[in-house]
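Subject: Structure for you to look at

Hello,

Please find the structure below, with the sequence beside it. My notes on what was found follow it.

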Amino acid sequence: MTVKDIFRMVLKLFGLYHLIQVAFHFMDLNYTMYFVFMPNSWVTYVGQLINLIFACILLFKPDMVIRWLKLEVGFDNTSVTNQIIDGIGITKAALIIISIQLMVANVGVFITQVVLSFKESVSQNALDTLLGVEDHNPVNYQQLIYSAFSLSIGILLFTNYVRLANWIMKLNTSDGNRN
């Protein structure tokens, strides 16, 4: 494995992470309300488009970024023979970090929205009128769906990181042979 292969792999993994983040921010239904009420919503669209282009460049053209930033220049030895820093290990670690970040960032929101939804469905003015409690925390189904989707993607990445790492490495070797 060469230094260029490591940089290619790291850039692709960062591009995958960035693409996941762009997709979740774009799919977040809170942005729908933002677009409706804000007259400058085109700025958000342009920002999301720039982020999407950046993620696609990192995913599909990492060699162009490596050449542009001159990342492979200046190393005494271009081959990496250490078995600890192999491509599959870096890929597995990155997939685990991405999946844990997706799960940890959304588990609190998901549990809160599920509890609020349960509370709303159980006590439709029955318990609240007896206790004299007004509910100031309405259920946000948009956040519930968003956090459930993020959790499920995080769990899928976490449970299938070995298979995904092998698939990414196979893509990386096929890209290395083409370039």
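There are 2 aromatic pairs in this structure, which is a predicted model. In one of them, the ring centres of Phe-14 and Phe-54 are 6.4 Å apart and the planes stand at 80°, so this pair counts as edge-to-face. Planes over 60 degrees apart are what that label requires. Phe-14 belongs to helix α1 (residues 3-27) and Phe-54 to helix α3, so the pair ties together parts that lie 40 residues apart in sequence. Phe-14 has a relative accessibility of 39%, so it is classed as partly exposed. Phe-54 has 37% and therefore is also classed as partly exposed.

Phe-158 and Tyr-161 make an aromatic pair too, with 6.4 Å from centre to centre. The angle between their planes is 40°, and the pair is tilted. Phe-158 is partly exposed because its relative accessibility is 36%. Tyr-161 is partly exposed as well, with a relative accessible area of 25%.

Phe-158 comes up again in the surroundings of Ser-99. What does Ser-99 touch, once its neighbours within four places in sequence are left aside? The contacts are Gly-154, Leu-157 and Phe-158. Ser-99 sits in helix α5 (residues 87-122). Its relative accessible area is 0%, so Ser-99 is buried; the cut-off for buried is under 20%.

Gly-15 is another residue to look at. It is placed in helix α1. Is Gly-15 buried or exposed? Gly-15 counts as buried, because its relative accessibility is 0%. Leaving out neighbours within four places in sequence, Gly-15 is in contact with Ala-55, Leu-58 and Leu-59. Gly-15 and Phe-60 are 45 residues apart in sequence, while their C-alpha atoms are 8.6 Å apart in space.

Leu-52 is part of helix α3 (residues 41-60). With a relative accessibility of 35%, Leu-52 is therefore partly exposed.

One backbone angle should be noted. Lys-70 is not a glycine, yet it has a positive phi of about 55°. Lys-70 is located in the loop between α4 (62-69) and α5. Its relative accessibility is 58%, so Lys-70 counts as exposed.

Now the chain as a whole. How many helices and strands does the protein chain have? It has 8 helices and 0 strands. Of its 179 residues, 28% count as buried. The accessible surface of the chain comes to about 11,700 Å², and carbon and sulfur atoms account for 68% of that. Among contacts with a separation of 6 or more, 86% are between residues 24 or more positions apart.

Last, the confidence values. The average pLDDT of the protein chain is 77, and 75% of the residues score at least 70. Which element has the lowest mean pLDDT, and which the highest? Helix α6 (residues 127-131) has the lowest, at 53, and helix α7 (residues 141-159) has the highest, at 89.

Regards

Key. Residues numbered from 1 in each chain as written. Predicted model: local features only at pLDDT ≥ 70, side-chain atom pairs only at ≥ 80, totals over all residues. Heavy atoms only, no water. Helix = DSSP H or I, 4+ residues; strand = E, 2+ residues; numbered from the N terminus. Buried < 20%, exposed > 50% of the residue type's maximum accessible area, 1.4 Å probe, protein only. Phe/Tyr/Trp six-rings, centres within 6.5 Å; stacked < 30°, edge-to-face > 60°. Contact = heavy atoms within 4.5 Å. pLDDT = per-residue confidence, 0-100. Areas by Shrake-Rupley, 256 points an atom, 1.4 Å probe, with all protein chains shown as cover.
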